[in-house]
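Colleague: Before I use this model, I would like to go through a few of its local features with you.

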Amino acid sequence: MKKLVLTSLLSAVICCGYCQTELIEERFAFDPQLNYDPAIPSPESFLGYPLGKQFTIYEKTVNYFEALSASSDKITMHRYGATYEGRELYTVVISSVDNQRNLEQIKADHFKLTDPMTTDDATAEPLIESLPVFTSLSYSIHGNEASTTEAVKQVAYRLVAATDAATKDILDHSVIVLYICINPDGRDRYVYWYNSVAREVVGMEPADLEHYEPWPGGRTNHYWFDLNRDWIWRIHPESQGHTDEYQRWLPNVHVDYHEQGYNSNYYTSPGTTPSNLLIPDQHEVWQDSFGRANIAEFNKHKISYFTRDVFDFFYPGYGSSYPAGFGAVAMLTEQGGIGAGRAVETEDGSVLKLRQRIFDHYTTSLATITKAVEWRQKLRKYSFEALKPANSKSPVKGYFLPNEDDPYLGEVIQMLLDHNVEIQQATTAFTVNAALDYRTNRTSRKRFPQGTYVIPTNQARHLFINSIMQRNLEIEDSVMYDMSTWAAPIAYNLTAYSTDQSFNVASEKVTEAPHRIGKLAREGAQYAYVIDWDQRYAPKALAHLWKKGYRVRAAVEPFVDDEGRRFPAGSLIVLTGRNPDKSSTIAGDMASIAKEAGVDVEGFDTGRMHSGYDLASSRNRPVKQPKAALMIDPPFSSYTAGQIYYLFDRETALPIQRIRPSVLKQTAMPKFRQRYGLVDLEDYNVLILPGGGSGLKQLFGKDQLAALKEWVQEGGVLVATESAAGFFTKDRSKFTSVQLMEIGKDTSQAANGLAYKDRRDYYGKKRIPGSAMHARIDITNPLAFGMKDQLYTLSFTDQALQPSGELQTVGRYHSDAGELLAAGYASPDNLKHLANKTFAGVLPMGRGKVVFLVNNTQYRMFWRGPSRMMQNAVMLMPGF
């Protein structure tokens with residue numbers, strides 16, 4: 001064997017105006033002292049350039065792994081899914097040739113240790129001693145954290161091609177699963193953009209275009225979602241794929257590889273508070289041990305790093321926390337590098353290069369894999385013990401979800417099944433002596449009906465179950481990286497209970513979630529067809545009706561037919577007499593819409609109702625397909641815009657146009673262009689503003705606000721979400737008379753005398769870090785048609801609207817500050833301030849209206865309780 005010669009080590013030298021920068025430094029060579037099998041292609045030999053000289057598109061990365069897999073029996077490549085844009089997703093599995101040959105048996109024995117309910121200690125002990133450790137590493141879940149997918153190529157090459165004894169020992173005693181790029185859509189968005197603007201003379205200057213990717217950036221997936229918040233909820237195909245793949249391996253150790261701002265040094269575990277206190281105490285000790293292994297390697301190479309700061313592991317839906325719910329030691333690494341391109345001058349004058357970013361991740365990857373082998377028996381023992389329900393730190397014995405007509409119940413059940421949670425369904429009614437009602441937070445004796453879903457915690461998935469189902473988790477520190485609550489029953493606005501006491505119930509195992517199969521109840525109806533608006537996919541059915549050209553009305557109030565069937569406000573009415581051109585196809589169309597949308601469609605031979613307005617009453621309003629525009633680009637939130645875009649594009653099948661402010665200006669009609677130099681909104685009747693913050697003030701000056709107000713008065717519906725809701729109040733823009741209520745600047749004696757070191761914690765505790773609030777909903781208002789009258793709304797702000805006679809309050813916080821907080825954290829001052837105030841409302845303005853949605857109504861598409869408000873705002877409000 002010959003030592004690998006890095007032929008391009010000093011060749012990639014590029015002049016940078018005022019200095020010379022070597023993109024490839026000898027200091028960051030990848031273990032050149034080792035011998036490598038010359039028959040196995042290195043990343044450099046395959047790509048034609050050394051790692052760090054440029055970014056590699058995803059297709060070439062896949063091609064490299066295909067070549068690597070073809071060259072060695074130590075590595076196999078597994079397709080586990082595909083993205084929205086059609087890019088296939090892969091893991092590579094690396095181990096010794098003997099382990100690869102016996103992998104199915106090794107996995108079978110490994111999985112015995114993942115279920116202590118069926119494997120006793122005597123059976124487990126020899127497996128713990130003899131089996132290889134399972135280690136997995138995931139790269140590039142954030143696309144613009146692009147060095148990680150460069151690093152994984154070198155990690156895999158080292159493991160497969162190196163011929164030294166240490167590498168052989170690693171392969172003999174571990175099974176290594178590498179997720180080569182979880183978010184290739186986002187990463188290619190970033191890489192293609194960067195390569196298209198890269199200078200021949202590297203743009204090291206921080207102000208250069210190379211360091212400012214355009215909105216929405218490459219961090220997110222096709223729909224602008226942060227996939228590193230979706231491990232639990234599995235909204236997207238990338239998440240569905242990699243969590244399915246994770247469940248196929250259930251490793252003992254998992255590390256998620258990331259980057260942060262380029263002025264930051266490398267972060268490695270352990271993290272800061274708060275943490276998920278349900279996870280075994282030993283978990284943090286393990287994190288610290290692996291972190292110390294990383295920094296021991298960094299010390300050798302004089303790499304700067306930090307630990308125990310910035311990043312916490314409280315939210316269980318990260319790639320660095322989700323695995324802990326399944327018995328793994330879960331960790332995060334964060335390399336400075338977002339926006340750094342190939343090289344950038346940092347705030348202290350040093351130059352950070354892509355090659356170092358790759359080297360640093362390569363170094364920690366190998367350190368983790370090596371130490372996992374050294375500690376393999378102890379790690380296996382930790383996983384086995386962590387999964388024993390007897391070791392649970394939660395007192396909860398079970399969770400109960402009555403099989404009521406909750407529109408999102410099936411989605412929660414499916415999510416739990418996808419994570420291999422055992423669920424039972426009661427075959428008879430049963431009683432629980434001490435059931436905690438999630439809605440009231442009170443415990444009482446409760447009789448549950450047959451069909452109730454029961455999730456017992458006496459199973460190997462107890463850590464995961466309690467982490468996402470428990471009503472409230474203990475919080476050590478209110479200053480946190482993400483949100484403070486995510487309890488699935490609350491997020492999906494379900495009727496739910498839990499108990500700390502033992503219970504007995506006759507039940508059967510659930511193997512599939514309830515799924516509504518839509519049907520046409522009566523074909524060939526003479527007078528009308530009606531779709532109950534309370535149904536989960538009624539908005540999708542409306543979109544289908546519009547697409548097929550039907551004239552549709554929506555009921556302004558509930559009504560009851562002669563058979564006693566009640567239809568709620570908002571129910572869709574298709575009168576056959578108002579659609580004469582559809583007489584030959586209407587029955588077939590209704591049947592296909594029922595099936596495609598998953599709704600029940602009822603046929604009527606008469607329009608006379610037993611109570612409520614008759615079907616053809618003029619009070620029931622025609623609803624026409626809206627011409628809706630969603631504003632994108634700065635200053636708007638790409639996350640909120642993406643969620644709204646997804647809600648309508650994927651779930652509702654209703655086209656909405658994504659419009660840049662600059663494009664609207666360019667396409668302005670003469671009347672408005674001449675008068676205001678801005679936009680003509682006459683092509684639209686709905687305009688959605690997804691946040692925007694302080695940037696709205698620059699976008700909407702005096703003349704622009706006047707033009708917008710005229711558009712609303714002429715019949716437009718302005719939907720202002722989150723910070724945009726605050727902007728269109730009297731206090732911020734004088735656009736409306738609505739008053740914005742927010743807690744002012746803290747001028748208390750405590751704040752005035754605050755020491756510098758205490759300021760972060762003091763003001764952090766005054767934030768509302770994503771907390772669930774009890775709310776009442778006016779379901780008689782069209783904005784709330786199809787909703788329950790009680791809601792858990794997710795709040796990140798102390799802003800609210802002052803109720804008034806002019807403002808139609810649709811969503812109001814609980815009137816009692818002591819009862820307002822449902823889950824999470826909020827200070828007593830914030831709760832007192834928000835109590836009884838408005839967070840969702842409608843202000844009529846001329847022939848149009850302004851819809852205020854202070855809180856996100858479809859947060860990450862898992863906080864689903866309020867999401868019908870956004871659909872109603874766009875689809876129904878123009879007609880009411």
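This is a predicted model: local features need pLDDT of at least 70, side-chain atom pairs count only at pLDDT 80 or more; totals for chains, interfaces and linings use all residues.

Colleague: What is the geometry of the pair formed by Phe225 and Tyr646: stacked, edge-to-face or tilted?
Modeller: The ring centres of Phe225 and Tyr646 are 5.6 Å apart, and the angle between the planes is 65°. Planes over 60 degrees apart count as edge-to-face. The pair is therefore edge-to-face.

Colleague: How many residues apart are the two partners, Phe225 and Tyr646?
Modeller: Phe225 is in the loop between helix H8 (184-197) and helix H9 (237-249), while Tyr646 is in helix H18 (residues 638-652). The pair thus links distant parts of the chain. Phe225 and Tyr646 are apart by 421 residues.

Colleague: Is Phe225 buried or exposed, and is Tyr646 buried or exposed?
Modeller: The relative accessible area of Phe225 is 6%, and that of Tyr646 is 11%. Buried means under 20%. Because both values fall under that cut-off, Phe225 and Tyr646 each count as buried.

Colleague: Which residues form one aromatic cluster with Phe225 and Tyr646?
Modeller: Phe225 and Tyr646 both belong to one aromatic cluster.

Colleague: Which ring has Lys107 over its face, and which has Arg536?
Modeller: Lys107 is at 4.1 Å from the centre of the ring it lies over, that of Trp249. For Arg536 the distance to the ring centre is 4.4 Å, and the ring is that of Tyr537.

Colleague: Which residues is Thr114 in contact with, leaving aside its neighbours within four places in sequence?
Modeller: Thr114 is found in the loop between helix H4 (103-112) and helix H5 (121-130). At 10% relative accessibility Thr114 counts as buried. Apart from those sequence neighbours, its contacts are Leu250, Leu387, Ala460 and Arg461.

Colleague: How far apart in space are Thr114 and Lys388, C-alpha to C-alpha?
Modeller: In sequence, Thr114 and Lys388 are 274 residues apart. In space, their C-alpha atoms are apart by 9.2 Å.

How values were computed:
Residues are numbered from 1 along each chain as its sequence is written. Side-chain values use heavy atoms; hydrogens and water are left out. Rings of Phe, Tyr and Trp (its six-membered ring) pair if their centres lie within 6.5 Å; planes under 30 degrees apart count as stacked, over 60 as edge-to-face and the rest as tilted. Helices (H or I, at least four residues) and strands (E, at least two) are DSSP runs, numbered from the N terminus. Buried means under 20% relative accessible area, exposed over 50%, partly exposed in between (1.4 Å probe, protein chains only). A charge sits over a ring if NZ of Lys or CZ of Arg is within 6 Å of the ring centre and within 35 degrees of the ring normal. Contact means heavy atoms within 4.5 Å.
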